[in-house]
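Please work through the exercises below with the sequence and the structure at hand, trying each task before reading its solution.

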Amino acid sequence: MYHKTLPYRVFNVCNTIILLLVAICCVLPVWHVLAVSFSAKAAADGNLVSLWPVNFTTIAYEKTLNNPVFLGSIWVAVKRTVIGTLITLTLACLAAYPLSKESRAFRGRNVYAWIFVFTMIFNGGLVPFYVVIQKLQLVNSFWVLVLPGAVNVWLTILLLNFFRGVPKELEEAALIDGAGHFRTMFSIYLPVSLPALATLGLFSIVFHWNSWFDGLLYLNDKTDYPLATFLQTVIVQRDMSSMSFNPKEMELLSQTTVRASQIFLGALPVMIIYPFLQKYFVKGLVLGSVKE
Amino acid sequence: MKRIKDWPFHLMILPSLLFLIVFNYVPMLGIVISFQDFKPWLGITGSPWVGWDNFKLLFERQDSVQVIWNTFIIAGLKIVFNLLVPFIFALLLNEIRKAYLSRTIQTLVYLPHFLSWVILGGILVDILSTDGGLVNRFLMSMLGIDPVPFLSNGNWFRFTVVVSEVWKEFGYGTIVFIAALANINPSLYEAAEVDGASRWKQTIYITIPALLPMAVVVGTLSLGNVLNAGFDQIFNLYNALVYEKGDIIDTFVYRTAILEGKFGIATAVGLFKSVVSMVLIVISYRLAYKLANYRIF
């Protein structure tokens, strides 16, 4: 019984402590930002804040939440996340169902599969893509955030593998009862695939919420930016032009604390949802990787 | 038995197919730009052809060759550590028997994966600053050393990029190994126990061999990323001070095309990356199939 031996017990205690420290290191930077965002100007600008707010104040959040450009960017982000995820899931279901069939039942299945997979291994690069977007008149349009990534081949393959695991008898019974393929997909496959769809939904939501480069590249007007792109200009490019500081506020507000409050608010939605969907994405990831 | 009609299948695939053609296959035709002196106002049909000049320029210009090296070095280091660290972490986590503790640790280490490099870049630039950043303050007070130029010295920048990438992704990378651990037959351990094998011996002879197929799959599949050094991360962390050691193909393409307007050479670099990556991906999938019987579908 190795559990009872002294060396193993010593190892176990050390191991637990080390892993807990590593885990804390993963959240500590976010915690620090939270502490800075609630600190007063002098403490934040003087680098005095570590892990606890110094001279607690919520003034940075008041400023951030009263900034119409920030609020507008949240709306754009919500819109792209909802619409983008709905389109991606719909297309993924429609494509994964026929692709999950054997090539005996669906002639041409292998050709289609290669057309899908090839897009994962080769692309034209940034410049040709930009030219196409421009020709389609999508520059400066909201739809540039949704349409180019509407088909997510990777998610389609995850769903395809899940559909493969659905018992064949269910499908045969439905077809014999006279249901068409559309009916079979909607009434048989989709209801039993809800866990897989939750996984796909989570991946798609996180992807859309975090996407910033498309906004930076294709949108010129800052008021059209989704949150992630807006944050990129504020956090990384240090562009504070959308924030009008009046002289009185300058005394109380520091760019550091306002930036910290925006970082934290931008990270918050994802931080709230991922722990609840943990069991789904763990399953979803394994779904696409382990084969007999 | 009568063949079941398959026209609904074609109909179902059609919408996705149209999207792929418009947004993936049409841009592929645009690679002809890499053989042109492309001017946006002349378009693809009107721009003059220059043959292989862009590619010649690409391998003659010192900065572009350096960029390819940087990409290769940074991506290579990331591949190695993104395999090694999750593997070891999963082994250690497997020793923690209290379920609530194990689950809490997992939830915490997954967090950085879900945050974007915009957010993490902002946080890192802040805490790694040489001017009173959290990390340098800590190092100063604990070890008494001078501020470390994590983001302003080329070699330190590479170090920071690799470490922060591993920090962000190792937790997520453990998922597949934890799943493989759960599939190990408990009777193997019971038999080893009866034979008097220590936990260390059990790890060497049961746990690690059981994880190896998964490690082979993860390792071979990541070969396709040899020229993917992480645009999002580098773009949000780098600055002119570290271009020499930290600039990678994707950031180079962005600056050359969007900021300098040299579309021909930018497309050529992009095409070089695409072709090399394609060859590597095909090889890596063949290898994964041969070595571990892995198929994507």
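A residue is called buried if 20 or more other C-beta atoms lie within 10 Å of its own, exposed if 12 or fewer do, and partly exposed in between. The model is a predicted one.

**Exercise 1. Find out which residues of helix 12 of chain A are buried, and what they pack against.**

Solution. Next, list them by name, which gives A:L227, A:A228, A:T229, A:F230, A:L231, A:Q232, A:T233, A:V234 and A:I235. Then look at the surroundings of these buried residues, where helix 4 (68-99), helix 10 (194-210), helix 11 (213-218) and helix 14 (255-273) of chain A are packing partners, together with helix 6 (117-127) of chain B. Finally, follow the chain beyond the helix to A:R238, which has a positive phi, near 55°.

**Exercise 2. Describe how domain 1 and domain 2 of chain A are placed and how they touch.**

Solution. First set the bounds, with domain 1 of chain A covering 2-66 + 243-280 and domain 2 of chain A covering 68-220. The centres of domain 1 and domain 2 of chain A, taken over C-alpha atoms, are separated by 34 Å. Their contact takes 6 residues from domain 1 of chain A and 7 residues from domain 2 of chain A. On the side of domain 1 of chain A that touches domain 2 of chain A, helix 14 of chain A gives the most, with 3 residues, and the classes on that side are 4 nonpolar, 2 polar and no charged residues.

**Exercise 3. Identify which residues touch the most other members of the largest nonpolar core, and state where this core lies.**

Solution. The largest nonpolar core has 138 residues, and A:A96, A:L159 and B:V269 are those that touch the most other members. Helix 4 of chain A gives the most to this core, with 11 residues. Because domain 1 (2-66 + 243-280) and domain 2 (68-220) of chain A both give residues to the core, it lies between them. Turning to B:V269, and leaving aside its neighbours within four places in sequence, one finds contacts with B:L58, B:S64, B:I249, B:F252 and B:V253.

**Exercise 4. Describe the side of chain B that touches chain A.**

Solution. Count the two sides, which brings 69 residues of chain B into contact with 73 residues of chain A. Helix 1 of chain B (residues 7-29) supplies the largest share of the chain B side, 14 residues. Sorted by class, the residues on that side of chain B are 49 nonpolar, 15 polar and 5 charged.

**Exercise 5. Decide whether chain B is a compact globule or more spread out.**

Solution. Chain B has 14 helices and 0 strands. Its C-alpha atoms fill a box of roughly 80 × 80 × 30 Å along the principal axes. The radius of gyration of chain B is 24 Å, well over the 19 Å that the globule rule gives for 297 residues, so chain B is more spread out than a compact globule. Buried residues make up 37% of the 297 residues in chain B.

**Exercise 6. Is B:F231 buried, partly exposed or exposed?**

Solution. Locate B:F231 in helix 11 of chain B, residues 231-237. Because 17 other C-beta atoms lie within 10 Å, B:F231 is partly exposed. Not counting residues up to four places away in sequence, B:F231 touches B:D250 and B:T251.

Notes
Residues numbered from 1 in each chain as written. Chains lettered and ligands numbered in written order. Predicted model: local features only at pLDDT ≥ 70, side-chain atom pairs only at ≥ 80, totals over all residues. Helix = DSSP H or I, 4+ residues; strand = E, 2+ residues; numbered from the N terminus. Nonpolar A, V, L, I, M, F, W, Y, C, P; charged D, E, K, R; others polar. Domains from an automatic or database assignment. Core = buried A, V, L, I, M, F, W, Y, C linked by C-beta atoms within 7 Å. Rg over C-alpha atoms; globule rule 2.2 N^0.38 Å.
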